[in-house]
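Please keep the structure open while reading these points.

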Amino acid sequence: MANKEIIPILIVGAGPAGMTAAIYLARANAKFKIVDKYAPGGKMNITQHVDNYPGVDTIGGPDLAFKMFEQVRGLGVSIDYAEVTKIRKETDYFVVESDEGEMYAKAVIVATGTQERKLKIPGEARYTGKGVSYCAICDGNLYKNEAIMIIGAGNSAIDEAIFVSKIVKHVHIVHRNEHFRADEASVNELKAMPNVTFHLNTIPVEVLGDGKGVTGVVVKNIADGTDKTIEVKAVFPFVGSDAVTDFLDEFDVRDEKGFVLVDEEMMTSVPGLFSIGDVNKKVLRQIVTATNDGAIAALAANRFIKRK
Ligand SMILES: Cc1cc2nc3c(=O)[nH]c(=O)nc-3n(C[C@H](O)[C@H](O)[C@H](O)COP(=O)(O)OP(=O)(O)OC[C@H]3O[C@@H](n4cnc5c(N)ncnc54)[C@H](O)[C@@H]3O)c2cc1C
């Protein structure tokens with residue numbers, strides 16, 4: 001190991017969780033490195049508006065991302081580009097493999113978030129951020145006097161539909177069969193809403209738009225094979241999301257769904273391997289909970305390094 005630089009702490013992911021960890025580590029004069037496979041900001045970069053981050057008036061998601069990035073940069077930290085592909089443990093350090101080569105770290109903070117399962121239909125990618133959104137609680141407010149569509153019928157789909165049906169003019173629920181996976185009480189609450197229409201045995205086929213935003217969705221009834229267009233200004237697919245943790249396969253630190261399990265200091269069962277933000281098993285995935293985790297893990301990782 002004579003020629004290899006071992007970084008004390010490596011943060012993987014520069015969303016709000018990773019950038020907060022960087023701010024706390026920089027302010028503690030700790031030696032660390034932060035890498036991301038894309039531009040810093042994570043999911044904030046695909047959020048139209050954030051209006052629930054304390055102390056900040058309604059702000060575009062990319063603008064909040066840039067503010068955090070500026071704060072990180074102002075502390076003398078640069079964010080490096082690298083996509084981490086595997087993390088493994090040697091006796092007293094981690095080997096972090098990436099498309100930019102190997103890195104070595106005494107402690108690693110995983111902050112790689114989640115990846116929404118996509119519908120994989122025409123128009124979805126083109127109108128993401130222009131009416132296609134994966135967070136109705138966050139973006140439903142933008143469509144107060146409009147009809148919107150929720151795709152899916154699991155707990156998060158139904159909960160977000162209940163929330164958004166109190167805000168928007170009309171909610172179309174598109175669900176591929178007749179049975180709901182969500183809690184019966186929640187489904188009944190949604191069914192009682194006067195402005196909700198269910199399209200069962202139905203799948204989305206194409207998101208339509210005018211170049212600037214969504215105008216409708218073509219759906220297919222799989223029971224009778226007929227197509228129709230439903231006019232909506234926004235589409236919220238909730239067909240699941242997965243934690244981005246493939247690179248952790250070597251470790252037994254995830255629940256059955258792939259979310260990382262941590263203790264109150266954000267450390268996994270592997271000493272020195274920390275995890276923060278949406279990638280963790282938790283009840284609320286928001287910017288404020290991601291930044292919370294980042295602050296805790298940064299100081300805990302710094303303590304861990306000093307103990308070694
Ligand atoms: C459309 C939408 C709107 C939202 N609106 C709001 C809102 O209004 N208010 C709110 O509080 N929350 C909102 N959220 C939720 C919020 O954005 C997330 O909870 C938050 O971004 C999670 O932060 P994170 O740092 O854990 O993960 P992320 O923001 O997902 O960041 C993870 C980072 O890790 C990087 N990464 C992933 N894999 C690798 C790898 N292998 N190697 C290197 N880097 C990697 C990614 O590029 C990314 O930059 C919204 C989410 C969505 C999808």
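1. In this predicted model, Phe66 counts as partly exposed because its relative accessibility is 46%, which falls between the cut-offs of 20% and 50%. Phe69, by contrast, is buried, as its relative accessible area is 17% and buried means under 20%.

2. Phe66 and Phe69 both belong to helix α2 (residues 61-74). They are 3 residues apart, about one turn of the helix.

3. The structure holds 6 aromatic pairs. One of them is formed by Phe66 and Phe69: the pair is tilted, with 6.2 Å centre to centre and 55° between the planes.

4. Tyr143 and Phe236 form an aromatic pair that is edge-to-face, at 6.4 Å centre to centre and 75° between the planes. This pair links distant parts of the chain, with the two residues 93 residues apart. Tyr143 is in the loop between α3 (136-139) and β10 (147-151), while Phe236 is in strand β16 (residues 234-237). Both Tyr143 and Phe236 are buried.

5. Charged side chains also lie over rings. Lys118 is over the face of Tyr134, 5.0 Å from the ring centre. Arg285 is over the face of Phe259, 4.1 Å from the ring centre.

6. What is the volume of the second largest pocket? The value is about 230 Å³. This pocket is lined by 15 residues, and Ile151, Arg176, Ile203, Pro204 and Val239 lie nearest its centre.

7. By class, the lining of the second largest pocket has 9 nonpolar, 3 polar and 3 charged residues. Strand β13 (residues 202-209) gives the largest share of this lining, 3 residues.

How values were computed. Residues are numbered from 1 along each chain as its sequence is written. This is a predicted model: local features need pLDDT of at least 70, side-chain atom pairs count only at pLDDT 80 or more; totals for chains, interfaces and linings use all residues. Side-chain values use heavy atoms; hydrogens and water are left out. On a 1 Å grid over the protein atoms alone, a cavity is a set of points where a 1.4 Å probe fits but cannot get out, and a pocket is an open set with protein on both sides within 12 Å along at least five of seven lines; lining residues have an atom within 4 Å of a point. Grid points are joined across faces, edges and corners, and a volume is the space filled by probe spheres set on the points. Helices (H or I, at least four residues) and strands (E, at least two) are DSSP runs, numbered from the N terminus. Ala, Val, Leu, Ile, Met, Phe, Trp, Tyr, Cys and Pro count as nonpolar, Asp, Glu, Lys and Arg as charged, and the others, Gly among them, as polar. Rings of Phe, Tyr and Trp (its six-membered ring) pair if their centres lie within 6.5 Å; planes under 30 degrees apart count as stacked, over 60 as edge-to-face and the rest as tilted. Buried means under 20% relative accessible area, exposed over 50%, partly exposed in between (1.4 Å probe, protein chains only). A charge sits over a ring if NZ of Lys or CZ of Arg is within 6 Å of the ring centre and within 35 degrees of the ring normal.
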